[in-house]
Amino acid sequence: MPDPPDLYIGPEYAVAERDVGEVITGEVIAGTSLWRDAWRRLLKNRLAVLGMIIVILIIIAALIGPTIIKSATGYTYDSIPKDQALTKSFPPFRGPGGRFAWAHPMGTDNAGRDIFARVLSGGQISLMVALIATLVSLLIGVSYGATAGYLGGKIDDLMMRVVDVLYSLPYVIIVIVLLALLPAKTPTGQLAQLFLALGAVSWLTMARIVRGQVMTLKNQEFILAARATGVSTPGIIFRHLVPNTLGPVIVYATLTVPTVMLSEAFLSFLGLGVRPPRVSWGSLAAEGAQSLAIYPWQLIFPGVTMALMLFSLNFLGDGLRDALDPQMRKD
Amino acid sequence: MLRFIIRRVVIVIPMLFIIVSITWGLIRLAPGNFYTGEKKLAPAIEQNLREKYGLNKPWYVQYRKVLWNMARFDFGNSLKYEGQSVNQILLRALPVSATLGLCAYIFALAVGITTGTLAALRQNSWIDYASMTLAMLGISIPNFVLGPLLALAFALTLFWLPPALWEGFPSRSIVLPALTLSALYIAYIARLTRSGMLEVMRSDYIRTARAKGLSESQVVFRHALRGGLLPVVSFSGPALAFLITGTVVVERVFALPGLGNYFINACFNRDEPLIIGIVAFIAIAVLVFNLLVDISYGLIDPRIRY
């Protein structure tokens, strides 16, 4: 089998191994200066800083927003007003009879539920799914890639061949079949299924990146020293090699978060992801798309919030890559 | 080269086997079946139907039948669309998805490569910043948000284009779906082209080409693009897989009778033969496309040897 071409394009985010490669081969031993340097470079990148601020604001809003709305207006994401006159879709800042009403800055949906509260609660779920699925993919990808890279030889060949094979599988199709045919009994179970399904399919690029890093690291003196002092193989992999691959791993993880978020939304849009009564940005957009012609605000607010979050995360991820990989800054 | 191709073709067969087995396994593992719906059938009728479709046989007989069907590429009749074979449905739905995907991808290639090249040649100019910000927007707006918004603007407000209709190619009805589908690919291709071209323009052979007195356009079109577009070529393999997921969404948003729409409906209806047929077909398409991309690498970049 020939070596595959040296440029790996991840399915969703095009990260060449070279993009994130050879970032901190060894320099991290020099202390915190690399991280401080990277931080300084990141702060110089205005778009990345703006992205970071927006990401933080959205996270804070999603975390504490629903509580504040509840104490201010009494609405939660699934509270349907008792009053019959209120159980229909009002435009932003409008109440019955077209009068101004401050309670619903994003309007209400067909059942009179507050869209602002729904968008913020949906954000909680979307963020949670994205974070946990990214962690799952980190866990699998880093251990797999580091093991393959360190052991080398036949085992490495076999392990990476498995990755190659998995790469060319049409996952989404299998995930759709899985989620459509084996729906979980409870909404929480459904969420767990989503974490696993999304995490299990997004670790491949991570494994390749980590393997590449480990292969350049493993012949350095500090590994030789560790081996000479009798550190076990798992010890070397997880105590000495993995911490040194952190830079590219962080960069790729930040780029995985929006990808996973998008996949979750895609599945929820098809009715396979988050289920009522829980909401996510994807399921809100799916709901909104149904009555688009009459109540466009039902789609626009969740859709734009989600796009803003993805936009900011992508800029932040790009900025982090530039900051942690000075080689790329020539561009 | 030939040995490489043969090896890659041979590996396609076990992979298809795995995919079809996983799908079949999932269908069998799932509780219930096609007949456990809202409408209850009389036990005798259900018994007869199950007998007709061979659903009452032991699992290994059914599994053998699935594999045998796969080998002949004949998946039997759909349970939901009575009297229609899976192959008929595939033949009817495929042209819709393929036309849509192809239009979107060709459009994305044209726009993406142009903007990416312009951005690279005028690095750090306003063209560069504007196109890269637009590209980032294209990546960040989910297509199930973009599609309805485009439909709202161009079909429901301006009345320029139909909101949901399929008249094939060329027609006005393909514009909105193809545009929605291509946005993401325009963005990726523009970014890949830009970074590829930036790298190539710094390389020695471009300096040589300039040194021998070629005009700038000759340098770009005859020398730089060839190397600069390699990332775009390798992106085209995975792109097909994602074009498929994209068409699932776009076909649902615009209610087009394509493979993606049939696939989702088949999953919800538990139409076993149709699910297996579509999964097998998509798997073959993706595997073959990846193979073609790997081969085309060697043709574009003479440095790659198999």
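**Reading the terms from the values**

In chain B of this predicted model, residues 24 or more positions apart account for 73% of the contacts with a separation of 6 or more. The corresponding share in chain A is 69%.

Q: What makes up the secondary structure of chain A and of chain B?
A: Chain A comes to 13 helices and zero strands. Chain B has 12 helices and, again, zero strands. Read along the sequence, the pattern of chain B is α-α-α-α-α-α-α-α-α-α-α-α.

Q: Why is Gly199(A) called buried?
A: A residue counts as buried if 20 or more other C-beta atoms lie within 10 Å of its own. Gly199(A) has 22 other C-beta atoms within 10 Å, so Gly199(A) is buried. Gly199(A) lies in helix H7 (residues 187-201) of chain A.

Q: What is Gly199(A) in contact with, leaving aside its neighbours within four places in sequence?
A: The contacts of Gly199(A) are Ala133(A), Val136(A) and Ser137(A). Thr134(A) is 65 residues from Gly199(A) in sequence, while the C-alpha to C-alpha distance between them is 6.0 Å.

Q: Where is Ala255(B) found, and what is its phi?
A: Ala255(B) is in the loop between helix H10 (230-253) and helix H11 (259-269) of chain B. Its phi is positive, about 50°, although Ala255(B) is not a glycine.

Q: How do you know whether helix H8 of chain B lies in the open or is buried?
A: Helix H8 (residues 204-211) of chain B has eight residues, and the number buried is zero, so the helix lies largely in the open. Just after H8(B), Gly213(B) takes a positive phi of about 90°.

Q: Why are H11(A) and H13(A) called roughly antiparallel?
A: Helix H11 (residues 246-269) and helix H13 (residues 297-324) of chain A pack at an angle of about 165°, with their axes 9 Å apart. An angle over 145 degrees counts as roughly antiparallel. Therefore H11(A) and H13(A) are roughly antiparallel to each other. H11(A) passes H13(A) in a left-handed crossing.

Q: Which classes of residue make the contact of H11(A) with H13(A)?
A: The residues of this contact divide into 14 nonpolar, four polar and one charged. From H11(A) they include Ile250(A), Val251(A) and Leu255(A), and from H13(A) they include Leu310(A), Leu313(A) and Arg321(A).

Q: Which residues touch the most other members of the largest nonpolar core?
A: This core has 169 residues, and Ala285(A) and Val279(B) touch the most other members. Helix H4 (residues 115-151) of chain A gives the most to the core, with 17 residues. Leaving aside neighbours within four places in sequence, the contacts of Ala285(A) include Ala265(A) and Phe269(A), as well as Phe144(B) and Val145(B).

Q: Where does H4(A) meet helix H10 of chain A?
A: The axes of H4(A) and helix H10 (residues 233-241) of chain A come within 10 Å and cross at roughly 115°. The contact is made by Ala146(A), Thr147(A) and Tyr150(A) of H4(A) and Ile236(A), Ile237(A) and Leu241(A) of H10(A). By class, these are five nonpolar, one polar and no charged residues.

Conventions
Residues are numbered from 1 along each chain as its sequence is written. Chains are lettered from A and ligands numbered from 1 in the order in which they are written. This is a predicted model: local features need pLDDT of at least 70, side-chain atom pairs count only at pLDDT 80 or more; totals for chains, interfaces and linings use all residues. A nonpolar core is a set of buried Ala, Val, Leu, Ile, Met, Phe, Trp, Tyr and Cys residues joined through C-beta atoms within 7 Å. A residue is buried if 20 or more other C-beta atoms lie within 10 Å of its own, exposed if 12 or fewer, and partly exposed in between; C-beta atoms are placed from the backbone. Helices (H or I, at least four residues) and strands (E, at least two) are DSSP runs, numbered from the N terminus. Two residues are in contact if their C-beta atoms, placed from the backbone, lie within 7 Å. Axes are lines fitted to C-alpha atoms, for helices over the stretch in contact, and angles run from 0 to 180 degrees between N-to-C directions. Angles under 35 degrees count as roughly parallel, over 145 as roughly antiparallel, 65 to 115 as roughly perpendicular and the rest as oblique. A crossing is left-handed if the near helix is turned anticlockwise from the far one by less than a right angle, and right-handed if clockwise. Ala, Val, Leu, Ile, Met, Phe, Trp, Tyr, Cys and Pro count as nonpolar, Asp, Glu, Lys and Arg as charged, and the others, Gly among them, as polar.
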